[in-house]
Each structure stands twice: as C-alpha cells, then as structure tokens.
Amino acid sequence: MVSELINANPIVYEKKERRDRSAPSVEDEYTAEPIDQLEIFDHIRDIKDPEHPYSLEELKVITEDAVEVNDERSYVRVRFTPTVEHCSMATVIGLCLRVKLMRCLPSRYKMTETKPTVDVIPVMSKITENKFMGSNYMDWSKTIRLYLRSIDKENHLVDDPPKDETKSVWLKEDAKLFLQIKNSMHSEVDIRVAPGSHATEAAVNKQLNDKERVAAALENPNLVDMVDECLAPSYA
C-alpha cells in the first residue's frame, strides 16, 4: 500500500449482506451460463483499496447499482467513485477492477486482448465487418438473416432442436452459427470513473480503456504487485 495517504480519514460504510444467486438452468452443453449484475458485483466488491485496509465496497468506491450488464452483447460497464476528486490511485483502482474481471469472466467478454474476437474460431468465415453496437440493430439483423438464408440455416433462429437421431448434428451446426453471430457483436468490459467524481475524469477513463496502455501497465512489475495485493483474498 502507499506510504502517504491521499485520503487519511475516509468514511467506512457497512457491507451489504450477500445474496444467494439461483443456479441457472442449462438446456444443453452449448448453452452459455448467463452473467448478471449481482455476479459482477460479487466478483469486485472485496477488492482492497490501494491506501486503506478496507474493501472498495466498504468505501463505496463501487456499488451494485454502478454495474451495468448486457449479457446478450457480452458487455459490462463498471463505474467507480474515488473517495476524493484528486485521488491519484484512481487508475490503479480501475486497473484492479479490469484485472479482476479478466480473471473471472468467460472468454466471450473481450478484455484487453489485441486480437479480434473472430480469431477464437479462425476456421469460420465472418458474417459481417459491421458489428452490432446497439443502435445499428436493424441493419445488423438483416445481414444476419440474409447470411443464414444463403446457407439454408434460417430455421435455426426460431426452431427447437429435433428430437430424432439428427439432434446431435443439428446442435453442432447451431453452436457454430451461434459463435459466428456472437463474433459479429461488439463486446467489451468498460471501466470508468463515475461522471463528475474525479478532477481528471476524461484522462483516467481513456487510460483505463486503451488496450495498449493497459497492456503496458501490466508489464510494470511494481504496478502488478500492487494490483495483486489489492486482489488478494481477505479472511478478516
């Protein structure tokens, strides 16, 4: 931890009681387990502050309400609030959040890799270069339907798996199509300070979401040691 405290007397809040999450029902082996807001919060709530022996939850640097999840798009946004506007540890806190989620979330959530997501399945052709970003849904969905129609697989959008001996082959085809469609959707983990909570908000956000800067930071052994210390489990 740092020797000179930026905020010597932070307000410490009571932790929220942990809530049990019901296990999702998995229809088949190709179904991805869903991720929700509570799961993301549970992953990051116990990260220790770089200055104090308290968790980010106890200092209200993060809250459950500050987590946004769109699992269909494999998108997560976490907004954190430093305890003071001039906090010089804001970048470290953001890096801790990103690294923690890099280690916990499935590979379908894009983190700091430099390779495009489609490289996960290089043997498959790209459906479209224009990835789904939310606002372009109509154009994107039309392209997807045209592609599936061109290979005579449009029925996979609405039909259930057959119940005869062709089910295994159908499920394999469906899994391949799912991965192709998934790779045509923009996915990411977005870490940023809450609006108006830091004096250099724009600069911190840019640094935390620039892949090259994050990769360079993770090559700094001193910074990695600090991050690991913040992520180390606490049994207190």
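Colleague: Which pattern does the protein follow, read along the sequence?

Modeller: This is a predicted model, where local features need pLDDT of at least 70, side-chain atom pairs count only at pLDDT 80 or more, and totals for chains, interfaces and linings use all residues. Residues are numbered from 1 along each chain as its sequence is written, and side-chain values use heavy atoms, with hydrogens and water left out. Helices (H or I, at least four residues) and strands (E, at least two) are DSSP runs, numbered from the N terminus. There are 7 helices and 3 strands, and the pattern is α-β-β-α-α-α-β-α-α-α.

Colleague: What share of the 236 residues is buried?

Modeller: Buried means under 20% relative accessible area, exposed over 50% and partly exposed in between, with a 1.4 Å probe and protein chains only. By that cut-off, the buried share of the 236 residues is 39%.

Colleague: Is V12 buried, partly exposed or exposed?

Modeller: V12 sits in the segment before helix 1 (37-44). Beyond its neighbours within four places in sequence, V12 is in contact (heavy atoms within 4.5 Å) with Y54, E58 and L59. Its relative accessible area is 38%, so V12 is partly exposed.

Colleague: At what angle do helix 1 and helix 2 cross?

Modeller: Axes are lines fitted to C-alpha atoms, for helices over the stretch in contact, and angles run from 0 to 180 degrees between N-to-C directions. I40, H43 and I44 of helix 1 meet L97, K100, L101 and C104 of helix 2. The axes come within 9 Å, and the crossing angle is roughly 115°.

Colleague: How far apart are the axes of helix 2 and helix 5?

Modeller: Helix 2 covers residues 90-104 and helix 5 covers residues 201-208. On the helix 2 side, the contact uses A90, T91, G94, L95 and R98; on the helix 5 side, V204, Q207 and L208. The two pack at an angle of about 35°, and their axes are apart by 10 Å.

Colleague: Which residue lies over the face of Y13?

Modeller: A charge sits over a ring if NZ of Lys or CZ of Arg is within 6 Å of the ring centre and within 35 degrees of the ring normal. Here the distance from the ring centre of Y13 is 4.7 Å, and the residue is K60.

Colleague: What percentage of contacts with a separation of 6 or more joins residues 24 or more positions apart?

Modeller: V12 and L56 show how sequence and space can be set side by side: 44 residues apart in sequence, 9.7 Å apart C-alpha to C-alpha. Across the protein, the share of such contacts from residues 24 or more positions apart is 69%.
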